Structure formats: structure tokens, C-alpha cells
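Reader: Please show the model, and let us discuss its architecture.

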Amino acid sequence: MGILTLEGVSQEFGGLLALDDISLNVEEEKIFGIIGPNGAGKTTLFNIITGIYTPTAGKVKYKETHINGAPPCDVARMGIGRTFQNIRLFSKLSVLDNVKVGCHGVTRAGFFHALLGLPAERMEEKEITLRSCKLLEMVGLYEKRMEYADNLAYGEQRKLEIARALALKPSLLLLDEPAAGMNTSEKVNLMEFIKEIRDNENLTILLVEHDMNVVMNICEQIAVLDYGRKIADGPPEEVKNDERVIQSYLGAEA
Amino acid sequence: MVMDAVLSQYIDAYYLHIMVLIGINIILALGLNITTGVTGQLSMGHAGFMSIGAYTAAIMSIHLGMPFWAALLGGATAAAGFGFLLGLPTLRLEGDYLAMVTIGFAEIIRVFFLNFEPGGKAVGLSGIPEHTTFSLVWLLAIIVIVLNVKLLNSRIGRSFYAIRENEIAAEAAGINTTRLKVLSFMVGSFLAGLGGGLYAHYMTYIAPQDFGFMKSIEFLNMVVLGGMGSIPGTILGTVVLTIAPEMLRIVAEYRLLFYGGMLVLLMIFRPNGLLGDVRWYDIKKRWFGKEVKTWES
């Protein structure tokens with residue numbers, strides 16, 4: 001049994017079947033890729049795992065707990081961090097504050113702690129700042145920590161989203177198109193970075209990506225979606241040569 | 001208190017009066033700043049919560065003979081309680097819809113007090129003991145300012161800002177947005193109730209028309225003028241908008257024209273409010289060449 005398993009998950013929007021009977025098994029500390037043409041249901045799948053949608057049918061299991069129907073904040077606190085395809089930063093907050101907010105789920109100080117300025121609260125604040133700075137150093141944004149998140153370049157914003165997700169101390173990290181909008185050298189850096197955080201933080205990573213180079217290079221297992229159905233699942237070599245995958249990407253032979 | 005006696009010797013009563021009003025308005029505006037400026041939940045019924053605090057405190061003083069501090073606390077708590085009751089079902093609404101519900105709520109409260117026997121109905125409630133003094137108002141205002149600074153620089157304060165900036169991302173960071181929005185609404189109404197209690201015990205007379213829709217808009221203007229979410233901004237906005245009508249007495253009927261004109265100019269020249277995008281960090285860096293240290297390894 002892996003860290004995350006989906007059993008027969010389906011999602012309907014009105015009459016549209018966005019996901020149809022999807023089963024997945026994500027092993028611990030693996031990099032798992034989900035690919036598929038536009039509109040295949042990849043982001044929907046992420047939204048189901050993180051609790052934004054409750055699936056119409058099927059089960060989502062994370063570390064032996066059923067999480068379908070759990071609100072997003074609870075899912076996050078259980079250790080599932082995520083980034084978004086269309087970047088969602090707190091744009092009018094500083095880069096540092098963005099990561100500090102990311103620490104919310106793993107810290108405790110409440111309303112009255114803050115008003116009274118209890119020693120425990122101040123200690124925790126120091127820890128939050130320290131951890132956030134370390135994370136920013138890791139993604140190479142420490143120098144820009146006081147900039148507004150809005151003012152960062154596109155690639156930097158993606159990195160900041162990853163740093164914010166890591167602040168949650170997740171055991172499962174969902175990356176929604178992390179390489180979108182990056183140039184080739186940035187993509188190479190990103191691939192190394194993803195492998196690095198997996199090794200250093202004992203993470204399991206689930207990623208949606210369009211760039212085949214990135215996917216084939218770093219993923220240990222790949223699932224292919226097409227029109228809401230899973231059409232292949234296996235190691236990169238196997239998936240690459242799967243007839244149905246080639247068909248859905250390149251079209252059927254005439 | 002001694003200080004008040006000394007001050008009234010040296011400062012004109014009229015100026016003291018305005019300064020007391022500034023102090024009370026700062027407490028009220030900082031409350032709205034938390035709900036609307038920081039958390040981004042557009043509330044247009046702040047005067048409604050103010051009136052709950054004012055009436056509750058006044059009735060506790062007059063009819064129940066309670067000490068002043070108990071009446072103040074009672075008024076603030078009652079307002080926060082209504083904030084909770086209103087916030088729980090309505091904070092899943094966003095933007096315009098929430099604004100409409102809060103306007104409606106404030107109107108209901110106003111009509112309620114128009115027909116409320118112990119509150120003197122439309123005539124209003126007079127004979128409230130005059131307990132609010134200059135030094136008390138400013139002591140409380142300073143405490144409120146300090147606590148505001150502490151709150152907004154804490155874990156809870158940061159999550160308020162995060163909710164304003166992007167609710168979905170805030171949830172993904174483990175923030176229970178529903179609970180924190182209700183909390184922010186309660187803090188805002190608590191301060192409105194506190195300000196209301198102080199106001200009642202300063203004017204010694206309150207009536208439902210003191211807490212109408214335009215009063216709510218006035219507080220909203222203070223927050224927007226100063227800069228949404230900024231404590232120094234809100235204080236500046238409050239000072240400007242409390243003094244302005246006094247200075248514009250000559251053109252009394254055209255006051256609102258001035259308001260409108262000022263807001264239009266503000267939108268053009270400072271779209272984020274007077275101090276909305278001014279940070280302590282930038283000032284230090286620019287004027288003292290100092291990098292603020294955030295991490296020493």
C-alpha cells in the first residue's frame with residue numbers, strides 16, 4: 001500500500017464526467033507523474049486529493065485515512081502540500097510573509113497568545129522566521145525576501161509557491177505544472193531541485209506536467225489520463241511505448 | 001483624573017472635544033480595518049455594531065447601575081456576540097453580497113432601536129452618566145493600537161491577510177478560513193461596541209439616527225483613505241476625516257461633495273490609500289540605510 005491511494009474515483013460536474021473511475025497507487029518517496037492532453041482531468045484530480053472537490057464516487061486514502069470530504073485546510077494539516085497551475089500567491093505580502101503563512105498548519109499560537117505576547121508565542125515566531133528564511137535560501141529567494149510577491153519574475157513565483165508548500169512540512173507534495181513558463185536551463189534546475197527536495201525531506205511528489213522531457217526524466221512512475229479515464233500507468237519506458245498513449249497524443253494511424 | 005483637569009486648564013474645550021472624538025473613532029476604525037482592511041470582508045454596517053455597544057453600555061449604566069468598566073465591556077461583548085451570530089451564516093458570501101447583508105443588518109438594528117422601549121425609541125436615550133474622559137479614551141486607544149500591532153504581526157494576523165489575498169491558497173496552507181473570518185468579524189465588532197460605549201458615555205445622549213448608514217460609510221472611508229490593512233494609515237485616515245468636517249463647517253451642506261472629490265483624487269493618486277503601501281522596512285532602508293535583519297545565523 002502506498003502513501004496515497006485512489007479507488008474508483010469519479011467526478012461529475014452537471015452532466016460532464018470529468019473523471020471516470022480512476023484508481024492510483026502512489027508509493028512512498030516516489031516521484032509520480034500525471035500526464036494527459038488538455039482537459040484530461042489532471043487538475044481536477046489534484047483538487048479532489050486536496051479536498052477542494054468531494055468526488056461523486058470512490059475513495060481517497062492517505063496514510064490509511066479516508067480523506068474524501070475533508071475540508072482543504074484539514075487535508076493540508078495532515079501533510080499534503082500543493083502548488084497551483086495558475087499561481088496563487090499572496091501578492092500584496094512580502095516574499096518572506098508568504099512562506100510564513102505557509103507555516104500556519106504546523107504552528108499553534110492562537111489569538112490570545114498573540115495579544116498577550118506570551119514567551120511561547122515569541123519563540124514560535126522566531127522559529128517560523130528562521131524556517132522560512134531557510135526555505136527561501138533553499139529556493140534561492142532569500143535576497144528578495146522583502147519584495148512584494150507580486151514583483152517577482154514568473155519562474156521565481158513558481159519557486160516561492162514550492163517554498164510555501166514546503167513550509168507545511170508535507171509528506172506528500174502536489175506540483176501542478178511546475179515547469180510551465182520556464183526556459184530550458186530553468187527546467188533543468190527545477191528537475192534537480194525536485195529530486196533534491198525529495199531526497200532531503202523524504203517527500204513523495206505527485207506532479208502534473210506537460211513537458212515530456214521533465215516528466216520522463218524525473219518521474220519513476222507515470223499515469224496517463226485522457227478524457228477523464230486512466231489509459232496507462234507504469235514506469236516511463238513502458239508508458240512511452242504504450243499504444244494507447246501514443247494514439248491519444250499523436251492521433252490514431254490513418 | 002488629574003490629567004483631564006490640567007488639560008482643560010490649558011486647552012480649549014472645543015479642541016479637547018475633537019481630540020476625544022478622534023480617539024473614539026480610532027478605536028472604531030481600527031476595528032473595521034481588521035474586518036475589511038486586513039481580512040478583506042467588506043462590512044458596511046459598522047455603525048450597527050457601534051449602536052449595539054452604545055445602547056447596551058448605556059442601559060447597563062442607567063437601568064442596571066453597573067460600574068462604567070463593566071458597562072463598556074458588556075457593550076463590546078454584546079457587539080462581538082452579534083458579530084459572531086451574523087458572521088457564522090454570512091461569511092461564506094463574498095464581496096458585494098456580504099456588503100448587502102451587513103447594510104441590511106445595520107438597518108434592522110437601527111429600526112429595532114427606533115422601537116425599543118428601554119432605549120427611548122425615536123427620542124433617544126438621555127441622561128447617560130458622563131464617564132468618558134480625554135485620558136481614558138486615549139489610554140484605551142493606545143492599548144487598542146498596541147494590541148492591533150501585536151495581532152497583525154502574529155500567526156493569526158498573517159492568516160487574516162492571507163485570506164484577503166487568496167482564500168484558496170490560504171486553505172491549502174492549512175488555514176481554516178471560515179473560522180478565522182468569523183474571528184476577524186468578531187474582533188471588528190468588539191472594537192465597534194467598545195467605541196460605541198465610550199461614545200454613549202461621552203455624549204450622554206444617543207439616538208438611533210446617530211448610527212445610520214452614513215456613519216458606517218464614514219468609518220469605511222477612514223480605512224480606505226488611510227490604506228486598507230495599514231494601522232498607521234487607518235489612524236491617519238481617522239484623524240483627517242474627523243477633523244475635516246469641523247474645518248468644513250462653512251460649507252456644511254457641501255461636505256459630502258468634498259468627501260466624494262477627495263476619494264476620487266485618492267483613487268487617482270494613491271490607489272492603495274495614503275499609507276497603504278508604505279512599509280516600515282522601506283522607510284528604514286531609505287532613510288537610515290539599514291537592512292532590517294530577519295535572520296541571523
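Author: Two strands pair if DSSP finds at least two bridges between them, strands being DSSP runs (E, at least two residues) and helices likewise (H or I, at least four), numbered from the N terminus. This is a predicted model, in which local features need pLDDT of at least 70 and side-chain atom pairs count only at pLDDT 80 or more, while totals for chains, interfaces and linings use all residues. Residues are numbered from 1 along each chain as its sequence is written, and chains are lettered from A and ligands numbered from 1 in the order written.

Reader: Which residue in β4(A) stands opposite A:Leu6?

Author: Strand β1 (residues 4–13) of chain A runs antiparallel to strand β4 (residues 57–62) of chain A, and five bridges join them. The residue opposite A:Leu6 in β4(A) is A:Val60.

Reader: Which strands of chain A stand at the edges of the sheet?

Author: The open sheet of chain A has four strands, paired antiparallel in the order β2-β1-β4-β5. A single partner strand leaves one side without a neighbour in the sheet, so the edges are β2 (16–26) and β5 (65–66) of chain A.

Reader: Which element gives the largest share of the side of chain A that touches chain B?

Author: Counting residues as in contact if their C-beta atoms, placed from the backbone, lie within 7 Å, 33 residues of chain A meet 25 of chain B. Elements giving two or more residues to this side of chain A are α2 (72–77), α3 (95–102), α4 (111–116) and α5 (119–139). The largest share, five residues, comes from α3(A).

Definitions and conventions
Contact = placed C-beta atoms within 7 Å.
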